[in-house]
Amino acid sequence: MSTNMRNKALFIDRDGTLIQMVYDVESGYIHTAVKPEDVKAMYGIFDLMREARRQGYKLILVSNQPNIGLMRMSKENFAKTQQWIHQM
């Protein structure tokens, strides 16, 4: 393998970078969307991702998802949200 060969990667955080955060009127907090119908992409993120792929970058989505552990989001809703992301 050549020492000049490089792997390029773009790491993208899921919440607040790929997906818009949601304002909860009741609590007054801004948090991760916990229902698939609340998921909205950040403006321009998919254009950025397409351009990065065109330039040879591998895209890596990262997320810690505390809402699952705190029982604020079901694993089913998380899976539906991930499905939405993969369809984009």
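This is a predicted model: local features need pLDDT of at least 70, side-chain atom pairs count only at pLDDT 80 or more; totals for chains, interfaces and linings use all residues.

Student: Which residues of helix H1 are buried?

Tutor: Start with the general idea. An α-helix has 3.6 residues a turn, so residues three or four places apart point the same way. In H1, which spans residues 45–54, the buried residues are Ile45, Phe46, Met49 and Ala52. They lie on the same side of H1, because the arc they cover around the axis is only 120 degrees.

Student: And which exposed residues does the face turned away from that buried side carry?

Tutor: Asp47, Arg50 and Arg54 are the exposed residues there.

Student: What covers the buried residues of H1?

Tutor: The cover includes strand E1 (9–13), strand E4 (58–62) and helix H3 (75–87). Take Ile45 too: beyond its neighbours within four places in sequence, isoleucine 45 is in contact with Thr17 and Leu18.

Student: How many residues make up the largest nonpolar core?

Tutor: That core has 10 residues, among them Ile12, Leu18, Val39, Phe46 and Ile85. H1 gives the most to this core, with 3 residues.

Student: Now the surface. Is valine 25 buried or exposed?

Tutor: Residues over 50% relative accessible area count as exposed. Valine 25 is at 68% relative accessibility, so it counts as exposed. Valine 25 sits in the loop between strand E2 (22–23) and strand E3 (30–31).

Student: Which residues form the nonpolar patch with Val25?

Tutor: Met21, Tyr23 and Ile30 form that surface patch with Val25, and together the four have about 450 Å² of accessible area.

Definitions and conventions
Residues are numbered from 1 along each chain as its sequence is written. Side-chain values use heavy atoms; hydrogens and water are left out. Patches are made of residues with over 30% relative accessible area and no salt bridge: like charges are joined within 9 Å, nonpolar side chains (Val, Leu, Ile, Met, Phe, Trp, Tyr) within 5 Å. Accessible areas come from the Shrake-Rupley method with a 1.4 Å probe; for residues, only the protein chains shown count as cover. A salt bridge is a side-chain nitrogen of Lys or Arg within 4 Å of a carboxyl oxygen of Asp or Glu. Helices (H or I, at least four residues) and strands (E, at least two) are DSSP runs, numbered from the N terminus. Buried means under 20% relative accessible area, exposed over 50%, partly exposed in between (1.4 Å probe, protein chains only). The arc is that of the directions from the helix axis to the C-beta atoms. Contact means heavy atoms within 4.5 Å. A nonpolar core is a set of buried Ala, Val, Leu, Ile, Met, Phe, Trp, Tyr and Cys residues joined through side-chain atoms within 4.5 Å.
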